[in-house]
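Morning, everyone. Please bring up the model, and I'll walk you through its inside.

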Amino acid sequence: PEPPEQRLLWRAALGLDDGDGGGGEVPSDGYSPDLARAVDEVAQHYRFGPATLNGVARELRGLALDAAAAPDRLRALCRERARVGLDGLAERIDLRARWDDLVLPPGQVALLHDLVHHVRHRGTVHERWGFAGAANRGLGVTALFSGESGTGKTMAAEVIAGDLGLDLYRIDLAAVVSKYIGETEKNLRTVFAAAEASGAVLLFDEADALFGKRGEVRDGHDRYANLEVSYLLQRMETYRGLAILTTNLRSNVDKAFLRRLRFVVQFPFPDEVLRAAIWARAFPAATPTEGLEPAALARLQVPGGSIRSIAVGAAFAAAAAGEPVRPEHVLHAARVEYAKAERALTDAETTALARGAR
(Lines give C-alpha, C1' and ligand atoms only; values in the text may rest on other atoms or scores of the structure.)
Protein backbone atom coordinates (compact mmCIF):
# COMPACT_ATOMS: atom_id res chain seq x y z
CA PRO A 1 0.00 0.00 0.00
CA GLU A 2 1.07 3.56 -0.71
CA PRO A 3 1.44 6.03 2.19
CA PRO A 4 -2.20 7.29 2.14
CA GLU A 5 -3.51 3.72 2.32
CA GLN A 6 -0.90 2.84 4.93
CA ARG A 7 -2.11 5.70 7.07
CA LEU A 8 -5.71 4.46 6.93
CA LEU A 9 -4.64 0.91 7.80
CA TRP A 10 -2.58 2.13 10.75
CA ARG A 11 -5.41 4.27 12.08
CA ALA A 12 -7.84 1.36 11.87
CA ALA A 13 -5.39 -1.08 13.49
CA LEU A 14 -4.58 1.27 16.37
CA GLY A 15 -8.13 2.46 16.97
CA LEU A 16 -7.53 6.10 16.16
CA ASP A 17 -10.57 8.32 15.75
CA ASP A 18 -11.58 9.13 12.17
CA GLY A 19 -10.11 12.26 10.68
CA ASP A 20 -7.94 13.55 7.90
CA GLY A 21 -4.74 12.16 9.41
CA GLY A 22 -3.37 15.61 10.16
CA GLY A 23 -2.06 14.60 13.54
CA GLY A 24 -4.38 16.79 15.62
CA GLU A 25 -7.07 14.24 16.41
CA VAL A 26 -7.43 12.61 19.81
CA PRO A 27 -6.87 8.84 19.55
CA SER A 28 -8.96 6.38 21.49
CA ASP A 29 -7.63 3.89 24.04
CA GLY A 30 -5.92 6.63 26.00
CA TYR A 31 -3.18 7.30 23.46
CA SER A 32 -1.91 10.84 23.09
CA PRO A 33 -2.27 12.89 19.86
CA ASP A 34 1.48 12.31 19.34
CA LEU A 35 0.62 8.78 18.23
CA ALA A 36 -1.31 10.15 15.26
CA ARG A 37 1.77 12.10 14.21
CA ALA A 38 3.91 8.98 14.64
CA VAL A 39 1.46 7.09 12.39
CA ASP A 40 1.95 9.75 9.70
CA GLU A 41 5.71 9.24 9.91
CA VAL A 42 5.77 5.44 9.76
CA ALA A 43 3.26 5.45 6.90
CA GLN A 44 5.75 7.54 4.92
CA HIS A 45 8.91 5.70 5.90
CA TYR A 46 7.94 2.03 5.66
CA ARG A 47 6.34 -0.25 3.05
CA PHE A 48 4.40 -2.78 5.14
CA GLY A 49 1.72 -5.12 3.90
CA PRO A 50 -1.54 -5.33 5.91
CA ALA A 51 -0.47 -8.52 7.75
CA THR A 52 2.83 -7.04 8.97
CA LEU A 53 1.19 -3.73 9.83
CA ASN A 54 -1.55 -5.38 11.89
CA GLY A 55 1.06 -7.53 13.65
CA VAL A 56 2.99 -4.43 14.75
CA ALA A 57 -0.22 -2.76 15.89
CA ARG A 58 -1.23 -5.81 17.95
CA GLU A 59 2.19 -5.91 19.57
CA LEU A 60 2.00 -2.22 20.44
CA ARG A 61 -1.49 -2.54 21.92
CA GLY A 62 -0.43 -5.59 23.89
CA LEU A 63 2.34 -3.63 25.60
CA ALA A 64 -0.25 -1.37 27.27
CA LEU A 65 2.16 1.56 27.24
CA ASP A 66 1.32 4.96 28.63
CA ALA A 67 0.41 7.72 26.18
CA ALA A 68 3.85 9.33 26.18
CA ALA A 69 5.77 6.13 25.41
CA ALA A 70 3.55 4.72 22.65
CA PRO A 71 4.80 6.90 19.71
CA ASP A 72 8.49 6.11 20.24
CA ARG A 73 7.74 2.44 20.76
CA LEU A 74 5.75 2.36 17.51
CA ARG A 75 8.71 3.82 15.64
CA ALA A 76 11.08 1.29 17.23
CA LEU A 77 8.82 -1.68 16.42
CA CYS A 78 8.53 -0.58 12.79
CA ARG A 79 12.28 -0.08 12.50
CA GLU A 80 13.00 -3.56 13.90
CA ARG A 81 10.36 -5.27 11.73
CA ALA A 82 11.53 -3.54 8.55
CA ARG A 83 15.22 -4.43 8.80
CA VAL A 84 16.48 -6.43 5.87
CA GLY A 85 19.81 -8.01 5.00
CA LEU A 86 21.88 -6.24 2.39
CA ASP A 87 24.21 -9.20 1.70
CA GLY A 88 27.36 -7.40 2.73
CA LEU A 89 26.63 -4.38 0.54
CA ALA A 90 26.00 -2.07 3.49
CA GLU A 91 26.75 -1.76 7.19
CA ARG A 92 24.18 -0.68 9.76
CA ILE A 93 25.62 2.03 12.02
CA ASP A 94 24.76 2.25 15.70
CA LEU A 95 23.24 5.67 16.29
CA ARG A 96 24.86 7.26 19.32
CA ALA A 97 25.48 10.86 18.28
CA ARG A 98 22.93 13.55 19.17
CA TRP A 99 22.47 17.18 18.20
CA ASP A 100 24.50 18.34 21.20
CA ASP A 101 27.47 16.33 19.93
CA LEU A 102 27.61 18.32 16.67
CA VAL A 103 29.87 21.37 16.77
CA LEU A 104 29.21 23.37 13.61
CA PRO A 105 28.50 26.98 12.63
CA PRO A 106 24.82 28.01 13.10
CA GLY A 107 24.14 28.11 9.36
CA GLN A 108 25.12 24.48 8.86
CA VAL A 109 23.09 23.37 11.88
CA ALA A 110 20.04 25.21 10.51
CA LEU A 111 20.44 23.45 7.14
CA LEU A 112 20.57 20.06 8.85
CA HIS A 113 17.39 20.86 10.79
CA ASP A 114 15.74 21.87 7.50
CA LEU A 115 16.73 18.50 6.04
CA VAL A 116 14.99 16.72 8.95
CA HIS A 117 11.86 18.85 8.40
CA HIS A 118 11.76 17.89 4.72
CA VAL A 119 11.79 14.20 5.59
CA ARG A 120 9.39 14.40 8.51
CA HIS A 121 6.75 16.50 6.76
CA ARG A 122 6.94 15.16 3.21
CA GLY A 123 3.54 13.46 3.59
CA THR A 124 1.87 16.78 4.32
CA VAL A 125 3.59 18.67 1.49
CA HIS A 126 3.59 15.97 -1.20
CA GLU A 127 0.20 14.37 -0.61
CA ARG A 128 -2.15 16.71 1.23
CA TRP A 129 -0.84 19.91 -0.30
CA GLY A 130 -0.55 18.37 -3.76
CA PHE A 131 3.13 18.93 -4.54
CA ALA A 132 3.61 15.33 -5.66
CA GLY A 133 1.03 15.69 -8.43
CA ALA A 134 1.50 13.07 -11.10
CA ALA A 135 5.29 13.04 -10.77
CA ASN A 136 7.09 10.00 -9.47
CA ARG A 137 10.52 11.63 -9.31
CA GLY A 138 12.16 13.92 -6.85
CA LEU A 139 9.95 12.79 -3.95
CA GLY A 140 12.87 11.66 -1.84
CA VAL A 141 15.33 13.84 0.02
CA THR A 142 18.96 13.80 -1.09
CA ALA A 143 21.87 15.68 0.43
CA LEU A 144 25.57 16.14 -0.17
CA PHE A 145 27.84 16.69 2.82
CA SER A 146 31.21 18.03 1.67
CA GLY A 147 34.26 18.92 3.68
CA GLU A 148 37.63 17.67 4.86
CA SER A 149 37.94 14.33 6.59
CA GLY A 150 37.01 14.55 10.26
CA THR A 151 34.76 17.62 10.03
CA GLY A 152 31.62 15.77 11.17
CA LYS A 153 29.90 14.57 7.98
CA THR A 154 29.25 11.00 9.12
CA MET A 155 28.32 12.14 12.62
CA ALA A 156 25.74 14.51 11.13
CA ALA A 157 24.19 11.59 9.22
CA GLU A 158 23.99 9.65 12.52
CA VAL A 159 22.31 12.58 14.24
CA ILE A 160 19.72 12.99 11.48
CA ALA A 161 18.86 9.28 11.34
CA GLY A 162 18.58 9.16 15.12
CA ASP A 163 16.30 12.20 15.21
CA LEU A 164 14.05 10.62 12.58
CA GLY A 165 14.04 7.24 14.34
CA LEU A 166 15.39 5.45 11.24
CA ASP A 167 18.23 3.01 10.68
CA LEU A 168 21.37 4.29 8.99
CA TYR A 169 23.19 2.09 6.47
CA ARG A 170 26.64 3.00 5.21
CA ILE A 171 27.13 1.67 1.70
CA ASP A 172 30.27 -0.41 1.22
CA LEU A 173 31.49 1.03 -2.08
CA ALA A 174 34.15 -1.67 -2.40
CA ALA A 175 31.40 -4.30 -2.43
CA VAL A 176 29.00 -2.33 -4.63
CA VAL A 177 31.35 -1.25 -7.40
CA SER A 178 32.26 -4.19 -9.62
CA LYS A 179 34.58 -4.53 -12.60
CA TYR A 180 32.05 -6.80 -14.28
CA ILE A 181 29.60 -5.14 -16.66
CA GLY A 182 26.16 -4.71 -15.15
CA GLU A 183 27.12 -5.91 -11.65
CA THR A 184 27.39 -2.42 -10.17
CA GLU A 185 23.87 -1.51 -11.34
CA LYS A 186 22.57 -4.82 -9.98
CA ASN A 187 24.14 -4.17 -6.58
CA LEU A 188 22.79 -0.63 -6.48
CA ARG A 189 19.32 -1.87 -7.39
CA THR A 190 19.49 -4.27 -4.44
CA VAL A 191 20.62 -1.51 -2.08
CA PHE A 192 17.93 0.98 -3.10
CA ALA A 193 15.13 -1.61 -3.07
CA ALA A 194 16.10 -2.84 0.40
CA ALA A 195 16.43 0.72 1.69
CA GLU A 196 12.97 1.67 0.42
CA ALA A 197 11.47 -1.43 2.02
CA SER A 198 13.16 -0.79 5.36
CA GLY A 199 12.76 3.00 5.44
CA ALA A 200 16.49 3.31 6.14
CA VAL A 201 18.72 6.31 5.55
CA LEU A 202 21.43 5.55 2.97
CA LEU A 203 24.91 6.95 3.53
CA PHE A 204 27.26 6.89 0.56
CA ASP A 205 30.46 7.68 2.44
CA GLU A 206 33.29 9.14 0.31
CA ALA A 207 30.99 8.92 -2.68
CA ASP A 208 33.41 10.31 -5.25
CA ALA A 209 34.09 6.80 -6.56
CA LEU A 210 30.42 6.24 -7.29
CA PHE A 211 29.11 9.69 -8.09
CA GLY A 212 32.15 11.05 -9.90
CA LYS A 213 32.20 13.02 -13.12
CA ARG A 214 31.38 11.28 -16.35
CA GLY A 215 34.31 11.25 -18.73
CA GLU A 216 34.99 11.09 -22.41
CA VAL A 217 34.28 7.70 -23.98
CA ARG A 218 37.51 6.19 -25.29
CA ASP A 219 36.64 2.50 -25.02
CA GLY A 220 33.91 0.13 -23.89
CA HIS A 221 34.89 0.44 -20.23
CA ASP A 222 34.38 4.22 -20.30
CA ARG A 223 30.97 3.75 -21.90
CA TYR A 224 29.82 1.34 -19.20
CA ALA A 225 31.26 3.54 -16.44
CA ASN A 226 29.16 6.43 -17.77
CA LEU A 227 26.13 4.14 -17.91
CA GLU A 228 26.59 3.41 -14.20
CA VAL A 229 26.56 7.13 -13.38
CA SER A 230 23.50 7.66 -15.59
CA TYR A 231 21.69 4.80 -13.84
CA LEU A 232 22.49 6.41 -10.49
CA LEU A 233 21.06 9.72 -11.67
CA GLN A 234 17.79 8.05 -12.60
CA ARG A 235 17.62 5.95 -9.42
CA MET A 236 18.30 8.89 -7.15
CA GLU A 237 15.40 10.77 -8.73
CA THR A 238 12.93 7.96 -8.05
CA TYR A 239 14.22 7.03 -4.60
CA ARG A 240 11.62 7.89 -1.96
CA GLY A 241 13.81 7.82 1.13
CA LEU A 242 16.69 9.88 2.47
CA ALA A 243 20.07 9.44 0.79
CA ILE A 244 23.16 11.25 2.05
CA LEU A 245 26.39 11.49 0.06
CA THR A 246 29.66 12.60 1.60
CA THR A 247 32.76 13.78 -0.20
CA ASN A 248 36.04 15.38 0.76
CA LEU A 249 36.03 17.48 -2.41
CA ARG A 250 32.76 18.81 -3.80
CA SER A 251 34.28 19.54 -7.21
CA ASN A 252 34.75 15.81 -7.78
CA VAL A 253 31.00 15.20 -7.90
CA ASP A 254 29.24 15.24 -11.27
CA LYS A 255 27.33 18.51 -11.74
CA ALA A 256 24.28 16.56 -12.89
CA PHE A 257 24.10 15.10 -9.39
CA LEU A 258 24.43 18.50 -7.73
CA ARG A 259 21.42 19.81 -9.66
CA ARG A 260 19.31 16.93 -8.37
CA LEU A 261 20.34 17.21 -4.72
CA ARG A 262 17.90 18.89 -2.36
CA PHE A 263 20.59 19.97 0.10
CA VAL A 264 24.31 20.70 -0.20
CA VAL A 265 25.96 21.29 3.18
CA GLN A 266 29.58 22.41 3.43
CA PHE A 267 31.34 21.24 6.61
CA PRO A 268 34.12 23.77 7.26
CA PHE A 269 37.41 23.10 9.00
CA PRO A 270 36.69 24.20 12.59
CA ASP A 271 38.18 27.47 13.74
CA GLU A 272 39.77 27.88 17.16
CA VAL A 273 36.46 28.66 18.90
CA LEU A 274 34.78 25.55 17.45
CA ARG A 275 37.83 23.42 18.26
CA ALA A 276 37.66 24.56 21.88
CA ALA A 277 34.00 23.50 21.98
CA ILE A 278 34.92 20.10 20.55
CA TRP A 279 37.70 19.65 23.09
CA ALA A 280 35.26 20.52 25.88
CA ARG A 281 33.19 17.48 24.79
CA ALA A 282 36.12 15.19 23.95
CA PHE A 283 36.58 13.53 27.35
CA PRO A 284 33.60 11.75 28.99
CA ALA A 285 32.58 12.91 32.45
CA ALA A 286 33.94 9.69 33.98
CA THR A 287 37.45 10.32 32.61
CA PRO A 288 39.85 11.74 35.25
CA THR A 289 41.61 14.80 33.84
CA GLU A 290 44.05 17.31 35.24
CA GLY A 291 45.18 20.64 33.84
CA LEU A 292 43.38 20.37 30.52
CA GLU A 293 42.19 23.71 29.15
CA PRO A 294 40.05 23.52 25.99
CA ALA A 295 41.24 26.96 24.88
CA ALA A 296 44.88 25.82 25.00
CA LEU A 297 44.15 22.46 23.32
CA ALA A 298 42.28 24.30 20.57
CA ARG A 299 45.61 25.64 19.30
CA LEU A 300 46.11 22.24 17.69
CA GLN A 301 45.20 22.67 14.02
CA VAL A 302 43.12 19.50 13.64
CA PRO A 303 39.46 18.75 12.76
CA GLY A 304 36.95 17.15 15.10
CA GLY A 305 37.66 13.57 14.04
CA SER A 306 41.35 13.98 14.85
CA ILE A 307 40.49 15.63 18.17
CA ARG A 308 38.51 12.55 19.17
CA SER A 309 41.38 10.27 18.10
CA ILE A 310 43.87 12.33 20.13
CA ALA A 311 41.56 12.27 23.16
CA VAL A 312 41.31 8.46 23.00
CA GLY A 313 45.08 8.12 22.55
CA ALA A 314 45.73 10.43 25.50
CA ALA A 315 43.32 8.43 27.66
CA PHE A 316 45.19 5.19 26.88
CA ALA A 317 48.54 6.83 27.59
CA ALA A 318 47.25 8.11 30.94
CA ALA A 319 45.69 4.73 31.84
CA ALA A 320 49.00 2.98 31.09
CA ALA A 321 50.79 5.42 33.42
CA GLY A 322 48.13 5.10 36.12
CA GLU A 323 47.48 8.84 36.02
CA PRO A 324 44.67 11.22 35.11
CA VAL A 325 44.78 12.60 31.57
CA ARG A 326 47.19 15.53 31.50
CA PRO A 327 48.50 17.82 28.72
CA GLU A 328 51.65 15.69 28.32
CA HIS A 329 49.45 12.70 27.43
CA VAL A 330 47.60 14.84 24.90
CA LEU A 331 50.95 15.98 23.49
CA HIS A 332 52.07 12.36 23.05
CA ALA A 333 48.78 11.38 21.35
CA ALA A 334 48.92 14.47 19.13
CA ARG A 335 52.39 13.53 17.89
CA VAL A 336 51.10 10.06 17.00
CA GLU A 337 48.10 11.52 15.17
CA TYR A 338 50.22 14.04 13.30
CA ALA A 339 52.68 11.31 12.27
CA LYS A 340 49.85 9.49 10.48
CA ALA A 341 49.45 12.52 8.25
CA GLU A 342 53.22 12.95 7.95
CA ARG A 343 53.06 16.25 9.82
CA ALA A 344 54.92 17.64 12.80
CA LEU A 345 53.64 19.78 15.64
CA THR A 346 54.50 23.44 15.25
CA ASP A 347 56.28 25.37 17.98
CA ALA A 348 53.07 27.31 18.68
CA GLU A 349 51.08 24.09 19.16
CA THR A 350 53.72 22.56 21.42
CA THR A 351 53.92 25.76 23.48
CA ALA A 352 50.14 25.87 23.84
CA LEU A 353 50.08 22.32 25.21
CA ALA A 354 52.95 23.12 27.58
CA ARG A 355 51.04 26.18 28.77
CA GLY A 356 48.07 23.92 29.43
CA ALA A 357 50.30 21.83 31.71
CA ARG A 358 50.84 24.81 33.95
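What volume does the largest cavity have? About 110 Å³. A cavity here is a set of points on a 1 Å grid over the protein atoms alone, where a 1.4 Å probe fits but cannot get out. Points join across faces, edges and corners, and the volume is the space filled by probe spheres set on them.

Some ground rules. This is a predicted model, where local features need pLDDT of at least 70, side-chain atom pairs count only at pLDDT 80 or more, and totals for chains, interfaces and linings use all residues. Residues are numbered from 1 along each chain as its sequence is written, and side-chain values use heavy atoms, with hydrogens and water left out.

Back to the cavity. Its lining has 15 residues (an atom within 4 Å of a point). Val103, Leu104, Thr151, Gly152 and Ile278 lie nearest the centre. The lining splits into nine nonpolar, four polar and two charged residues.

Next, the cores. A nonpolar core is a set of buried Ala, Val, Leu, Ile, Met, Phe, Trp, Tyr and Cys residues joined through side-chain atoms within 4.5 Å. Buried means under 20% relative accessible area, with a 1.4 Å probe and protein chains only. The largest core has 47 residues. Leu74 is among those with the most contacts inside it. Apart from that core lies another, of 26 residues, including Leu144 and Met236.

Last, Arg75. At 17% relative accessibility, Arg75 counts as buried. Leaving aside neighbours within four places in sequence, Arg75 contacts Ala38, Glu41, Val42 and Tyr46, with contact meaning heavy atoms within 4.5 Å.

Notes:
Buried means under 20% relative accessible area, exposed over 50%, partly exposed in between (1.4 Å probe, protein chains only). On a 1 Å grid over the protein atoms alone, a cavity is a set of points where a 1.4 Å probe fits but cannot get out, and a pocket is an open set with protein on both sides within 12 Å along at least five of seven lines; lining residues have an atom within 4 Å of a point. Ala, Val, Leu, Ile, Met, Phe, Trp, Tyr, Cys and Pro count as nonpolar, Asp, Glu, Lys and Arg as charged, and the others, Gly among them, as polar.
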